[in-house]
Structures are given as C-alpha cells and as structure tokens.
Amino acid sequence: MAKKGPDMHGLKRTVGGTWQARMHIPRDRRADVGKALGIASGTRQDMLGTLETRDLKTALRRRDKKLAEMRESVDRKLIGAGFKPLHEDWVSGWSREGSLTDEALEARRLIQTTSDKPDYHDDLYGPISPRDRLRDGMADFLEERAARLDSQGKDGAAYAERYREIAEGDVTPFSAFLDRWIRERERDVSPSMVAMDLTTLRHFGTYLSSCQGLEKPADPVAFLRTQAVEDIPKAVLGEFGEWLADQDLSPKTVSRIISPLKVMWDWAIRHHLIDGLNPWLGATAGLKKRAERDGRTKIKGREFSEGELIKLLTADPNEGHRGVWSWTAPLTDLMRIALLTGARENELCSLTVSRIVNRDGAHGSLWGIEVTEEHAKTDNSVRKVPLHPLLMPIIERRLRDAEATGEPDAVLFPECRPGGVGKKRGHVFSQRFTGLRRAVLGLESDGVVNFHSFRKSFGTFMRRAHLAGVTECQLSVAQKLIGHKPQTLTEAVYMEQELQWGIYERAIIGMVEKGMPEGVLATLT
C-alpha cells in the first residue's frame, strides 16, 4: 500500500485497489449535507468518487478535477435545498441561465416532495411546515445572490424572480422535460427518427434566439433548454413554419421539422408537465397540398429503362479502381437482388443468415428473404419475399461466407457497415451506388433514377406480367411483396393478411418470365 503523505490528501484506495477521490464534510455541515442529499441516516461525513484507475500517478492527476466536480455537486444540492454552500466563495457560474434553470428545477422537485403538513406553531406566523421552511431558506439565499449580482452591475432582482418562477412551477423551462422525452423516443422509435427530432430541436432553438434578437447559439438545443414554455407567445410559435420556409426549405421538409414539436407537446401535456392545448395542432395544414403543388413541377423518380438496366447490370464497378475494390461484389449482388425482390436498399443491406427463410422447403420450392420489424419502413413492410432461382448462386455464396465467420446470425453483406445518423447499413452503400450510377448513366440521371428505381422496375414488371396473363401478379399480390398497405378497406379488413407461399412463388417466377424485358433477362442469365 502506498505511504500516506501530503500528496495523498483527498485519496482513498478500495479493497480492490481502485483509487477514489475523497471529500471530507466539515462536522458542523454534515447534517445539512445529509438532508440535501436525502441520506436516510440524516448526516454525511464524506463524499467518494471513483477515479477509475489503480495507478497512483494517474489517480493524483485526476484527483483535483474530481474533487472540484464533487464540491460543485454538493454545493448545488445544498443551495437547492435552501442551505448555504460549503464554500462561501462558490459561484460556479450559477448566474448563467443554464445553471439557474437546473438549480431552480431541483428546488422545484424538493418543494414538491417536501411535506406541507405543519409540524411547528410560531406565535407570530402561525403553523409552519417543512415546505414553508424550505421556501424561507430559498428566499434567503436568493436575496444574497441578488445582492451579489447587483454589486457586479447585474440585475439581481430579475435573477431571483426567474429562479422563483421556475422553482414554484409558474413557468416550465424545456429542460424540465426535454431529456425525458428524448430518452422515451430512443426506446420507442428508430435512431434515424431520434436524429430527426434533434434536428427539429436545433432549428427551434435557433429560431427562438433569432426572435430575441440574439446571435445564433453555438448549441441551439442547450439554448432551448433554458427557455420557458410559457414565455413563448402563440404568435411566435405560429411563425416558426414561415421562418423555416424562409430558409429555402421545401414544404415537405417544413412539415417534417414541425411534426416532432407536436409530438413533444402532446407528451408533455399527457405527463402533466405543461397545461393547455397543443399549439402545434393544425400547424402543418396546407403544407401537404403545397408540397404536392411543388412536386408537380419537379422531375419525379421513375423505374429504369431496359437500356439503363442492361448498362448497370453489365457494368464493372471495379473499373477505375486499383486492385479489387471492396464494393464491387456488394454492388453487383445487391442490384440483382433488388431487381428480383423489390426490396428496399436498407432491407437488403441488413440481411442476416436467419432472414433467409424456407431453406427446408417446408412451404415451397423457393427460398425467401424476410424483412423484419427492426428494418421495415412501415408495419406493412414486414413481409417475406421468395428468391428467384437466378439469385441462388449469390445467396448460397453469401450464406457460406457468413456462416464461416462463426458469428451468431452473421450479416450477409458485411461490407455494408452501419453509417449516417440512423446507423443504417444502407447508408454508405447508397453513396457507392450513386457513384456507380453516375459513372454508368451520367450526371443527367441525378433526380431521375436511383437505387429505388430497381423497386419501381420490379413493380412495373409485375404489372406487365399480370397483363400478360399471370394472375398471381395482380396488384393485391404485388403490393404485399413490395410491402405497401392495402388500397381498399375491404382488402385491409375483410381479406386474409398473408397469402399462401405458393402464390408468391408463382408471382416471382411469372414476373421474370412474362414481365421482364428479354434483354434484361438475358443479362441476368
């Protein structure tokens, strides 16, 4: 064990050998700290915080910073409980808006959880409860803080009033519920949806700062946390959409940015954190029609032509790259699978061993792929699609390589690593395919065709096969294979949700034989 010496002050070593920072509490303040921290015994003699190291030199380097953090935490708890801080010179930025909000919210929590049942009778003031004493303590330290701010040329009265409004629940800063809402969203929706929520909050924080004549904050979400819901006029909320439109955002994008605010307000009202009606109800009215109007003037994406498909399917992705480009095989394989299954980009890039179904032939002669809820875009996208025999060499090769890794449920396309805000496996692949498309079809194909065009081609070939007499390629079957919702109430409510595997098999075979152009089929074979 290391020798005790001057340099060991504030350190303690656990039985396991890990060093901790140790902050002693003065004897006359132990009861205050115990109450502020809610200690069952009522007192606290010291505070311990792990330094996450067994090395003494490392512990010494980390000690001072850890002790400062612990002092900051204890002083904040004390002040929130209406006690003086341990360190009389402690200011620690409490006059900043963010610290004010956090402390006042902690004071609100203490006020709400402290008993209001009188336990003492004062001859002058009458019955007094623990909550009354807590409020008196808060008033005392707010008076001290206000005086200190006044001596620095700042508005102490405004600081005290703001603190009191938040602590008493008269106003609710966004920080009171923002983190809780985000945590719940992370449990309920995909990472990409959470990323969109955060984008909305950044836009909203930037907008509110501009309404106050302030420069754009370095962290718009941090700025938003300091703002009170009740302080924002309804007219300011109503002009958010116009402000977004002034940023050259399309009506569709504006609607997408506003929608999370409606969801967040609903959540806060439902959890009794704010009162009143949701001000975002109807905020996107008219945007959908405006988006449709704008869409009529834009070039709409389409399916690939026969010539474009032949060029893409016969192209060498490795051309222009030294050696063997790692994306040559996935580009070649996934273009073919997409054309013959109609599956989306990320649905295919995320395929794993377990999602190759019917390998035992229990339901029919064709294997299939399964799109699970985790990777489906909508509820209707959860589905199984048979694999045409032309795809079997690709699937069998990919399965062999995946199973050889020994990993449980290994991915079939390990080249497609997760990327982007939603950590989707299709993110980087999309960029690589765009590069290939431009090299093969030219820049003029931008905005006209993309990887989704394989899916459109699949639907087109299904319709052609149906017109050619393949009854299984009818719309109701095609939309199930593609993963679209039923088009009629009768089909959605009164018909079976899942058709027999044999119907899907005949649809896939018929689509290739009767709906696919001969030139494209020749390229695949």
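Author: Happy to. The helices (H or I, at least four residues) and strands (E, at least two) named here are DSSP runs, numbered from the N terminus. This is a predicted model, in which local features need pLDDT of at least 70 and side-chain atom pairs count only at pLDDT 80 or more, while totals for chains, interfaces and linings use all residues. Residues are numbered from 1 along each chain as its sequence is written, and side-chain values use heavy atoms, with hydrogens and water left out.

A word on confidence before the packing. The chain has a mean pLDDT (the predictor's confidence in each residue, from 0 to 100) of 85, and 90% of its residues reach 70 or more. Residues 1–6 are a stretch with pLDDT below 50, which makes 7 contacts (heavy atoms within 4.5 Å) beyond near neighbours in sequence. Where pLDDT is low, the predicted coordinates should not be read in detail.

Let us begin with the sheet formed by β1, β2 and β3. Its three strands form an open sheet in the order β1-β2-β3, paired in the antiparallel sense; two strands pair if DSSP finds at least two bridges between them. At the edges are β1 (11–13) and β3 (46–50), each of which pairs on one side only. With direction ignored, neighbouring strands of this sheet are turned by 35° against each other on average; angles run from 0 to 180 degrees between N-to-C directions, and axes are lines fitted to C-alpha atoms, for helices over the stretch in contact. Strand β2 (residues 19–24) is joined to β3 by 5 bridges, and these two run antiparallel. One of the bridge pairs links H24 to D46 of β3. Helix α2 (residues 56–80) lies across β1, β2 and β3, and it runs at about 40° to β2.

Going back to the bridges, V357 is partnered by G368 in β7.

Now for helices packing on helices. Helix α4 (residues 130–151) packs on helix α5 (residues 156–167) at an angle of about 150°, and their axes are 7 Å apart. That angle makes α4 roughly antiparallel to α5; under 35 degrees counts as roughly parallel, over 145 as roughly antiparallel, 65 to 115 as roughly perpendicular and the rest as oblique. From α4, the contact is made by M138, F141, L142, R145, A146, L149 and D150, and from α5 by G156, A157, Y159, A160, Y163, R164 and A167. Sorted by class, this contact has 10 nonpolar, 1 polar and 3 charged residues; Ala, Val, Leu, Ile, Met, Phe, Trp, Tyr, Cys and Pro count as nonpolar, Asp, Glu, Lys and Arg as charged, and the others, Gly among them, as polar.

Helix α6 (residues 178–188) and helix α7 (residues 191–211) pack at about 155°, with axes 9 Å apart, and are therefore roughly antiparallel to each other. The residues involved are L178, W181, I182, R185 and E186 of α6, together with M193, V194, D197, L198 and L201 of α7. They divide into 7 nonpolar, no polar and 3 charged.

Helix α7 has a further partner: its axis and that of helix α11 (residues 251–270) come within 9 Å and cross at roughly 95°. That makes α7 roughly perpendicular to α11. Here α7 contributes M196, D197, T200, L201, H203 and F204, while α11 contributes R256, I257, P260, L261, M264 and W265. By class, this contact has 8 nonpolar, 2 polar and 2 charged residues.
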